[in-house]
Amino acid sequence: MVKVYDYCETLNNRLEDIFKRNTKIKYKKRINIKFEEEFKMFGLFKGNDGKVINVNDIDELIGKVELIDIREDYEYKGGSIKSAKNIPMGALLNEPDKYLNKSKEYYIMCQSGGRSARACSSLIKQGFDVINVSGGMGSYVGTKKK
């Protein structure tokens, strides 16, 4: 069951990335509204509850921003982005005030972007300034630290 969920989450995130890339086309307005509606109808587009950055656009920010990898310890140990701090999603969402300061901005990442999107949505509702790193480590093409 978990593998099916992970596959669906990964597929969903890849479709979101395709949609976002295609929205940059000049004649996008009418076409993309319909495309987005169809994605939402089938649950393939989660929308944007807040700020988002693609994982492959984050390299220039490494070391300058607070980057939190919310994957489990065993996932994090398999490789992450340099300077990313590991705080598993469960721990972060159970006690966000222990790890985050509401006056600071944080970049939240996971394996495919699904968990980070859910975590960001929850944290935004609690007043935290967070940015979802879409695509996650599964889509990252830069150098990973181990």
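Is E75 buried or exposed? Select E75 to find out: the residue is buried, with a relative accessible area of 16%, where buried means under 20% relative accessible area, exposed means over 50% and partly exposed lies in between (1.4 Å probe, protein chains only).

Before going further, note that this is a predicted model, in which local features need pLDDT of at least 70 and side-chain atom pairs count only at pLDDT 80 or more, while totals for chains, interfaces and linings use all residues. Residues are numbered from 1 along each chain as its sequence is written, and side-chain values use heavy atoms, with hydrogens and water left out.

Keep E75 selected and colour helix α3 (residues 73-77), in which E75 is found; helices (H or I, at least four residues) and strands (E, at least two) are DSSP runs, numbered from the N terminus. Leaving aside neighbours within four places in sequence, E75 is in contact (heavy atoms within 4.5 Å) with Q111 and R115. With R115, E75 forms a salt bridge whose closest N and O atoms are 2.9 Å apart, a salt bridge being a side-chain nitrogen of Lys or Arg within 4 Å of a carboxyl oxygen of Asp or Glu. The pair links distant parts of the chain, with E75 in helix α3 and R115 in helix α6, 40 residues apart. E75 and R115 are both buried.

**The sheet**

Next, show the strands: five of them form an open sheet in the order β1-β6-β5-β2-β4, with parallel pairing, two strands being paired if DSSP finds at least two bridges between them. At the edges stand β1 (51-54) and β4 (85-86), and because each has a single partner strand, one side of each is left without a neighbour in the sheet. Helix α6 (residues 114-125) packs on the sheet, where it touches β5 and β6 (129-134), and its direction makes about 170° with that of β6; axes are lines fitted to C-alpha atoms, for helices over the stretch in contact, and angles run from 0 to 180 degrees between N-to-C directions.

Now zoom in on strand β2 (residues 66-69) and strand β5 (residues 105-109), which run parallel and are joined by four bridges. Within this pair of strands, I68 stands opposite I108 in β5.

Move on to K104 and E66, whose side chains meet in a salt bridge of 3.1 Å, N to O. K104 sits in the loop between α5 (96-99) and β5, whereas E66 belongs to strand β2, 38 residues apart. K104 counts as partly exposed at 35% relative accessibility, and E66 is partly exposed at 34%.

**Cysteines and a loop residue**

Which cysteine sulfur is nearest to that of C110? The sulfur of C120 is, at 9.0 Å, and C110 is in no disulfide, a disulfide being a pair of cysteine sulfur atoms within 2.5 Å. C110 is buried at 0% relative accessible area, and C120 is buried at 4%.

Finish at S83, in the loop between β3 (80-81) and β4. S83 has a positive phi of about 80° although it is not a glycine, and the residue is partly exposed, with a relative accessible area of 37%.
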